[in-house]
Amino acid sequence: MTKAIESKVERMPLHDLVELASTLKVTVPPAARSIRRREAQGGVQPAKPEGRMLQGAGVGPVVSAAKGSRLLDAITVNVEATDWAESELVGAGALVEQLSIARGTLDNWRKAGKVIALRKGLRNFVYPLRQFDRRRPVDGLDQIAEHFTSAEEAWEWLVAPNRMTDGKAPIDALHAGDVQAVLRAAAGAFDYA
């Protein structure tokens, strides 16, 4: 019975909750009281925001967890099929040897954010090989990494298929020379439009 009541209360509009709290003689927070007063006065029209305003269709109907899961499966990428560490990861020593570059060059690239360096322990890093083209980082990688809060987050995004890069992984689009499309996709990576 308690769960049924909680479920009902969670779905109630704010003005109904305030009214219920008043009836039950429960203290109503001042912010909720001010909303109730505004509604009683006919509501205050919010100021029109400047610029373009996106209009949506709302959150849609409430569906069961099972149906919600099916709907999400239909629009999401199978992350297990594109393991974010799909690329071979190598330590700094092996990478320096493989690329025939100086260790200082690799350290400078890492410090300048020109390569994706995944932390391994306190002071060590591993580097995904897919980010290199010949003996240097693929063009545009440093610009893409700026859009993410961590190297792990950036690399995970770079290897997952993306609709804005024609369904291929953004790292592959960078290798194909399509830097501008990947930059646009990275800039919009956290948009929900």
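**Surface, fold content and salt bridges of a predicted chain**

The protein chain has an accessible surface of about 14,100 Å², and 53% of this surface belongs to carbon and sulfur atoms. Such areas come from the Shrake-Rupley method with a 1.4 Å probe, and for residues only the protein chains shown count as cover. The model is a predicted one, in which local features need pLDDT of at least 70 and side-chain atom pairs count only at pLDDT 80 or more, while totals for chains, interfaces and linings use all residues. Residues are numbered from 1 along each chain as its sequence is written, and side-chain values use heavy atoms, with hydrogens and water left out.

The secondary structure comprises 10 helices and five strands; helices (H or I, at least four residues) and strands (E, at least two) are DSSP runs, numbered from the N terminus. Of the 193 residues, 27% count as buried, where buried means under 20% relative accessible area, exposed over 50%, and partly exposed in between (1.4 Å probe, protein chains only). Taking contacts between residues at least 6 apart in sequence, 54% join residues at least 24 apart; a contact here means heavy atoms within 4.5 Å.

The side chains can be followed through their charged pairs. A salt bridge is a side-chain nitrogen of Lys or Arg within 4 Å of a carboxyl oxygen of Asp or Glu, and by this rule the count comes to three.

Asp107 pairs with Arg110, with 3.9 Å between the closest N and O atoms. Both residues lie in helix 6 (residues 103–111), three residues apart, about one turn of the helix. Asp107 is partly exposed at 21% relative accessible area, and Arg110 is also partly exposed, at 23%.

Another salt bridge joins Asp142 to Lys114, whose closest N and O atoms are 3.6 Å apart. This pair links distant parts of the chain, 28 residues apart: Asp142 belongs to helix 7 (residues 141–145), and Lys114 to the loop between helix 6 and strand 2 (118–120). Asp142 has a relative accessible area of 25% and is partly exposed; Lys114 counts as partly exposed at 36%.

The remaining pair is Arg130 and Asp172, whose side chains meet in a salt bridge at 3.1 Å, N to O. Arg130 is buried, with a relative accessible area of 18%, whereas Asp172 is partly exposed at 34%.
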